[in-house]
Every structure is written in C-alpha cells, then in structure tokens.
Amino acid sequence: MNNVQQDLEIHKQVYQKLGLCLMLFFFAFSSDAQTYNHTSVWSRLLLSKQVGKWIFTGDVAYRRQNDFRQSKINFLDKPLLDAQRLSVGYRSKDWLFSFAASRWHAYQILGKEADFERLPTVEWRFTPGIEYFKKINKGTLQWRTQYEYRSFIDRNAGRFRQRFQYRLPVSQANNLVFLQEFLFGSPPNSTKKYEQNQLGVTFNHNFTDKLESEIGYRYIFRRRRTTDEIDNENALVVGLMLRL
C-alpha cells in the first residue's frame, strides 16, 4: 500500500509540473487571441473483440456542451458531437498497427453569438495508426501516432495526432490513466499547424475481465480553423468498454 501511495505521489508531482508548464505555454501562446471557456461532457460506448492477434472495435461517442447565455457550467445544454467508428488492429508483443473509419457529426462549440448561426458539419475520417507499449515500473506507457484524412462536404484536410498515455494500476480492479495528446495540421489543406492539445486523467474500474468503466476529466486547448480565436474546454469524461 505504501508503494502505491509513493507511486501516486510521484505521478502527481510529475503531472503538476507538466500541467504548470502547459498552462504557462498556453497563456503565452494565447495572450493576444480571443479566448472562450466551455464545459462539456464526453461519453462513449466501446465494443471490442480479439481474434488471435487481430482486434476489432466499434464505438459510439456522444458529447454535449454548455450554452453560455444560460449557464457557464451546465454541460447538458446543447449538443456538441455524435460519432461512430469502426477499427481493426493487429497486435504484436509491443506494437499495435491499426486502421479506423469513422463518421463525425459536429456542432460548433459555443463561445460567441455568431456561433449559434453556424450549421453542424459531417466529417468522414480515415485513420491509420501505430502504437507502442512499454512497461515502466508497475504501469504501462503507450505512445500512439495517427494520421487522419478528413473529408468534409466542401473540403479535405489532414492531421497528425501524437498521444502519450500511462496506465497505472492502483488495485486489482482499478487503474489511473494519464493522457497527453497533441494534434497538428498536415497536408492536404491545413490552415493551422498546431491545432489542439488534450490533457486528462481518468479512473478506470474493471467490473469483470470483460467490462470496464471510466470517469475523469479532460482539458482541451483548441485553435479555431479560420481565426486566431481559442477555445478552452473542460470536459467530464464517462465511458463503458465491453470486450466480447
């Protein structure tokens, strides 16, 4: 128990320092830009099936956001996104190679009056990726890189995602998951080289070896595509994962 507490204290200190550095970076980065603060909820249901070294996954996501005219904290006021994704992966000892196809129906995140006039967009996304797993102390570090080819009704765009995730067991059935992810624009038709940063932590509970839940927090720093405006999103994360 003492070792677990020591590990938690070490990781707490590391993420406090990382969070401070990121906050200073974002402050410097956005000091001359118009910024908007938001609250939201990100929910998802994920089903997966492993056949040998192959992993097949399907998941649905649903998100809502606050309406700043009504409340700054009620994240259930307005829709934000609904999405569906299918993916297939091949897992070796330390590597996972994957490809996903998904549909994203997204609403404008609400920061100003003009945002209420913008229509939702439909995006088809095709995503090859690679992920590396490394045991560190009692936990597992995961590094994932993905390229997204994004197809809209009026344009196509590209984006790279770089994610670092550390899963730390705190008991036989419970884990803490720390996440840091950067999103960079890339060809074709990228207007922002640095688009997003996501920083989060979740508490994951295994009800059985096949059913897992997650609840936590994620901070999203997001640059708008055609302006210098910045959105700061604070999201409650909830999810359910079922392994068939």
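In the predicted model, Arg69 lies over the face of Phe116, at 3.6 Å from the ring centre, where a charge is taken to sit over a ring if NZ of Lys or CZ of Arg is within 6 Å of the ring centre and within 35 degrees of the ring normal. The charged end of Arg155 likewise sits over the ring of Phe152, 4.0 Å from its centre. Residues are numbered from 1 along each chain as its sequence is written. Because the model is predicted, local features need pLDDT of at least 70 and side-chain atom pairs count only at pLDDT 80 or more, totals for chains, interfaces and linings use all residues, and side-chain values use heavy atoms, with hydrogens and water left out.

Seven aromatic pairs are found in a search of the whole structure, rings of Phe, Tyr and Trp (its six-membered ring) being paired if their centres lie within 6.5 Å, with planes under 30 degrees apart counted as stacked, over 60 as edge-to-face and the rest as tilted. The rings of Trp54 and Tyr90 have centres 5.1 Å apart and planes at 65°, so this pair is edge-to-face. Trp54 lies in strand 2 (residues 54–65) and Tyr90 in strand 3 (residues 78–91), so the pair ties together parts that are 36 residues apart in sequence; strands (E, at least two residues) are DSSP runs, numbered from the N terminus. Trp54, at 43% relative accessibility, counts as partly exposed, and Tyr90, at 31%, also counts as partly exposed. For Phe68 and Phe116, the ring centres are 5.7 Å apart and the planes at 55°, so the pair is tilted.

The C-alpha atoms of Ala101 and Arg125, 24 residues apart along the chain, are separated by 5.8 Å.

Strand 9 (residues 194–206) and strand 10 (residues 211–223) run antiparallel and are joined by 11 bridges, pairing of two strands requiring that DSSP finds at least two bridges between them. Gln196 stands opposite Arg222 in strand 10.

Definitions and conventions
Helix = DSSP H or I, 4+ residues; strand = E, 2+ residues; numbered from the N terminus. Buried < 20%, exposed > 50% of the residue type's maximum accessible area, 1.4 Å probe, protein only.
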